[in-house]
Amino acid sequence: VQLQASGGGLVQAGGPLRLSCVASGRFDSINYMGWYRQAPGKQRELVAEKISGGSTSYADSVKGRFTISRDNAKNTVYLQMSSLKPEDTAVYYCNANIRDYGLVYHDYWGQGTLVTVSS
């Protein structure tokens with residue numbers, strides 16, 4: 001199983017950007033998908049998460065600006081970011097909790113995609 005993240009780049013403050021992360025490989029189902037980020041010199045932090053039942057949660061710093069969504073048919077999670085701020089600059093990682101055909105859950109990470117917000 002692999003997670004492939006994309007969509008990062010350079011954007012001006014106030015602008016939008018959308019990240020995508022697709023899970024590929026052989027597996028039974030995806031329980032959870034989420035986005036984390038790590039800014040230089042800081043610890044990795046949760047940005048947004050969405051479980052298979054539909055509930056979502058967000059870091060306080062992004063509430064009202066970021067939206068996480070999933071396309072279950074495409075095994076893809078998106079992070080729509082708007083009103084971006086320079087402090088949103090970080091490497092963004094997708095994370096997924098996936099059940100294999102043996103009904104065992106595994107945690108996977110994508111390779112990270114860099115988001116740079118200029119002031």
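A disulfide is a pair of cysteine sulfur atoms within 2.5 Å. The legends below describe close-up views of a predicted model.

**View 1. The disulfide between C21 and C94.** Searching the whole structure gives one disulfide. It is formed by C21 and C94, whose sulfur atoms lie 2.0 Å apart. The bond connects distant parts of the chain, with C21 in strand 3 (residues 17–24) and C94 in strand 9, 73 residues apart. The torsion about the S-S bond is about 50 degrees, so this disulfide is right-handed. Both C21 and C94 are buried.

**View 2. The largest nonpolar core.** In soluble globular proteins, nonpolar side chains tend to be buried together. The largest nonpolar core here comprises 29 residues, and W35, V47, F66, L79, M81 and Y92 have the most contacts inside it. At least two residues of this core come from each of strand 1 (2–6), strand 3, strand 4 (29–38), strand 5 (45–51), strand 7, strand 8, strand 9 and strand 11 (113–118). Strand 9 gives the most, with five residues.

**View 3. The surroundings of Y92.** Apart from neighbours within four places in sequence, Y92 is in contact with L19, W35, Y36, R37, V47, F66, L79, M81, G112, T113 and V115. Among these partners, W35, V47, F66, L79 and M81 are listed, as is Y92, with the residues that have the most contacts inside the largest nonpolar core.

**View 4. A network of salt bridges.** Side chains of opposite charge can pair when their charged atoms come close. The structure holds five salt bridges, and a network of them links R37, E45, R65 and D88. In the pair of E45 and R37, the closest N and O atoms are 2.7 Å apart. R37 counts as buried because its relative accessibility is 6%, under the 20% limit. E45, by contrast, has a relative accessible area of 35% and is partly exposed. D88 and R65 also meet through their side chains in a salt bridge, at 2.8 Å from N to O. This pair links distant parts of the chain: D88 lies in the loop between strand 8 (76–81) and strand 9 (90–99), and R65 in the loop between strand 6 (56–58) and strand 7 (66–71), 23 residues apart. Both D88 and R65 are buried.

**View 5. The salt bridge of K63 and D60.** The side chains of K63 and D60 form a salt bridge with an N to O distance of 3.1 Å. Both K63 and D60 are exposed.

**View 6. The hairpin of strand 7 and strand 8.** Strand 7 and strand 8 run antiparallel and are joined by six bridges. I68 has L79 of strand 8 as its bridge partner. The hairpin has four residues between the strands, and N75 takes a positive phi near 50 degrees. On strand 7, the covered face consists of F66, I68 and R70, while T67, S69 and D71 make up the uncovered face.

**View 7. R18 in strand 3.** R18 is located in strand 3. With a relative accessible area of 46%, R18 is partly exposed. Not counting residues up to four places away in sequence, R18 touches S6, G7, Y78, L79 and Q80. The C-alpha atoms of R18 and M81 are 5.8 Å apart in space, although these residues are 63 residues apart in sequence.

How values were computed. Residues numbered from 1 in each chain as written. Predicted model: local features only at pLDDT ≥ 70, side-chain atom pairs only at ≥ 80, totals over all residues. Heavy atoms only, no water. Salt bridge = Lys/Arg side-chain N within 4 Å of Asp/Glu carboxyl O. Buried < 20%, exposed > 50% of the residue type's maximum accessible area, 1.4 Å probe, protein only. Core = buried A, V, L, I, M, F, W, Y, C linked by side-chain atoms within 4.5 Å. Contact = heavy atoms within 4.5 Å. Pairing = 2+ DSSP bridges.
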